[in-house]
Amino acid sequence: MKALSQKRRHPLAALALLVLGLMLTGGLYAVVTTVNEAKADTTTFTAQQVEEGEKLFVANCATCHGLGASGTDAGPSLAGVGAAAVDFQVGTGRMPMQMQGPQALQKPQQFTADQTREMAAYVATLGNGPALPEEQYLDGKGDATVGGELFRVNCAMCHNAAAAGGALTRGKFAPPLAGVSNSHIYSAMVTGPQNMPVFNDANITPEGKRDIITFLNVIENQGSPGGAKLGSLGPVSEGLFLWTAVLGVIIGFTIWLTSRTS
Amino acid sequence: MGNHSDGSPTGSDAVAKAGHNEVDTFQDPGLPPHRLRLADTDPKAAKRAERQVAWLFVISIIGTLMFFVAYFGVRLDDTIATLRIQNTFLGLGVAFAMLGIGTGIVHWARALMPDHEVAEERHELRTEEDRLAAVKIVDDILEETGIKRRPLIRNTLIGAVALAPLPAIAIFRDLGPLPGDSMHHTLWKEGERLARDPDGTPIKASDVTMGSAFHVIPESLNKLETGKLNEKAKAVVLLMRLNPEDLNPSAGREDWGYNGIVAYSKICTHVGCPVALYEQQTHHLLCPCHQSTFDLTKECKVIFGPAVRPLPQLPITVDSEGYLVAQSDFHEPVGPSFWERG
């Protein structure tokens with residue numbers, strides 16, 4: 001230590017210090033960024049998550065989906081559905097299903113976010129399928145105009161032009177999209193839950209999906225410029241309102257006009 | 001005219017004669033006895049009604065002021081929220097302004113103005129005198145115009161009147177030209193690539209994974225200079241991929257798909273709505289307008305709703321680069337029935 005302190009006024013001391021400082025900063029930066037990457041990379045799961053997920057699966061899902069998720073008469077095989085399918089189905093409470101019916105209904109979540117991830121980790125090991133959506137496509141900062149056009153071409157026929165949902169055949173329906181998280185919207189597009197078709201990345205690019213999510217966020221946040229939306233169902237609810245409420249008021253006025261005063 | 005405010009009903013013979021088979025007509029029972037209003041008898045009530053009318057007019061004044069406050073007072077920025085606030089108060093202001101005046105006047109008339117009841121007798125519908133006067137007018141016209149004595153004038157007038165409406169009929173021609181065979185053809189032809197709606201990028205067969213639904217236009221559509229919307233309205237196609245075992249193609253149509261990828265016209269055969277609600281598990285296609293349902297596993301046969309013909313299928317295959325292309329145009333006209341469809 002003494003030798004070091006004696007050399008502190010050496011002409012090269014400043015240079016050595018500078019090199020040392022640079023190396024330290026660079027090294028720290030490298031460590032920090034790899035930590036961040038590990039956090040951002042949502043597609044890798046630890047072996048422990050897979051193991052925990054399998055336990056949860058056997059306890060909660062295997063009744064219908066079968067041991068090893070190979071499928072039974074009551075539920076389909078989950079090989080190749082991917083982590084995104086678990087994120088959507090379990091994350092929105094649709095799975096585990098309360099009872100067999102035309103379609104699984106959204107309800108309060110049965111599992112925590114960590115448990116959902118563990119089950120996703122397990123299902124992802126069963127076969128190649130859509131991974132969990134990447135954060136960069138969920139920020140809602142895409143192009144809402146492009147997203148609106150894509151939405152009208154691909155989604156609006158079932159989900160309604162104002163994303164208010166609509167009926168399908170025999171008791172099935174496309175749900176309204178207000179209040180659905182960006183990650184679940186993305187997962188639904190890549191996995192095609194229940195009767196929704198799959199919109200893979202070759203059909204709508206991840207950037208296109210980001211634009212659609214942006215559009216949905218915009219229309220949800222801006223509200224209705226024309227007053228009460230009446231469910232955004234178009235002429236049905238608006239006509240019903242006019243025929244009942246407004247005609248009722250008109251009839252009321254007519255009765256008042258022709259009645260006698262006390 | 002008879003003033004019934006004395007309240008005595010006229011005639012009650014009808015009741016007396018009931019049961020004697022002579023009641024062909026009822027006598028006019030007259031008006032019920034006149035009942036005085038509260039404001040007619042009680043000066044306090046009259047004063048109260050006066051105040052109520054005045055208040056309704058004041059509400060109208062406040063409504064008009066509200067309109068101006070909203071019009072000049074609400075600062076519009078670029079958001080919809082401020083526009084919505086302004087619109088709400090403009091509407092409410094005008095509504096109160098109009099309703100206040102209207103209800104005020106009606107209340108005034110009902111509560112304060114004189115309310116004696118009046119009955120007016122109906123005029124006789126037709127008198128012989130009027131009929132003769134009308135006949136005389138016609139006779140005078142015939143006599144004074146001399147139309148019987150001057151057949152030249154009469155005949156040329158008939159000719160002129162008969163010809164005059166013809167231009168109105170002739171301009172119906174501008175509704176044309178007739179569609180010719182344009183209803184029987186679309187942009188699809190052999191080798192035309194299937195492209196994504198709306199950007200027009202071609203689709204590879206490998207892009208269409210199981211359960212996918214693609215909304216498709218012909219690749220050449222976006223290059224059209226004119227008539228793009230009309231062509232799009234005929235040529236739009238829905239592309240789906242099923243398990244090949246689920247498809248049951250009829251004889252001669254086995255090679256119209258490719259590895260379970262099939263393309264069907266999106267135009268409903270009922271009245272032409274876009275049938276784009278694809279359920280990927282039941283393989284049903286649902287038309288949102290009238291709920292016609294088509295079964296993809298039976299070549300889009302109608303299984304529910306008012307449509308009568310299945311959706312036309314577009315025969316497809318892949319080209320050397322792996323892109324999906326049409327084998328030909330549709331084999332039948334797409335969309336709803338029309339007169340010359342045959």
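Predicted model: local features only at pLDDT ≥ 70, side-chain atom pairs only at ≥ 80, totals over all residues.

Reply: Residues are numbered from 1 along each chain as its sequence is written, chains are lettered from A and ligands numbered from 1 in the order in which they are written, and side-chain values use heavy atoms, with hydrogens and water left out.

Me: Why is the pair Glu279(B) and Lys172(A) called a salt bridge?

Reply: The term requires a side-chain nitrogen of Lys or Arg within 4 Å of a carboxyl oxygen of Asp or Glu. The closest N and O atoms of Glu279(B) and Lys172(A) are 3.3 Å apart, so the pair qualifies. The rule finds one salt bridge across the interface of chain B and chain A.

Me: What makes residues of chain B and chain A count as in contact, and how many do?

Reply: Contact means heavy atoms within 4.5 Å; 34 residues of chain B are in contact with 32 residues of chain A. Arg84(B), Arg110(B) and Glu279(B) supply 20% of the area that chain B buries against chain A (accessible area, 1.4 Å probe, lost on being put together).

Me: Why are β7 and β10 of chain B said to stand at the edges?

Reply: Strands (DSSP runs of E, at least two residues) pair if DSSP finds at least two bridges between them. The open sheet has the order β7-β8-β9-β10 in chain B, with antiparallel pairing. β7(B) and β10(B) each have a single partner strand, so one side of each lacks a neighbour in the sheet.

Me: How do you know that β7(B) and β8(B) pair?

Reply: They are joined over three bridges in the antiparallel sense, and the rule asks for at least two, so they pair.

Methods. Buried area = accessible area lost by both parts, 1.4 Å probe. Helix = DSSP H or I, 4+ residues; strand = E, 2+ residues; numbered from the N terminus.
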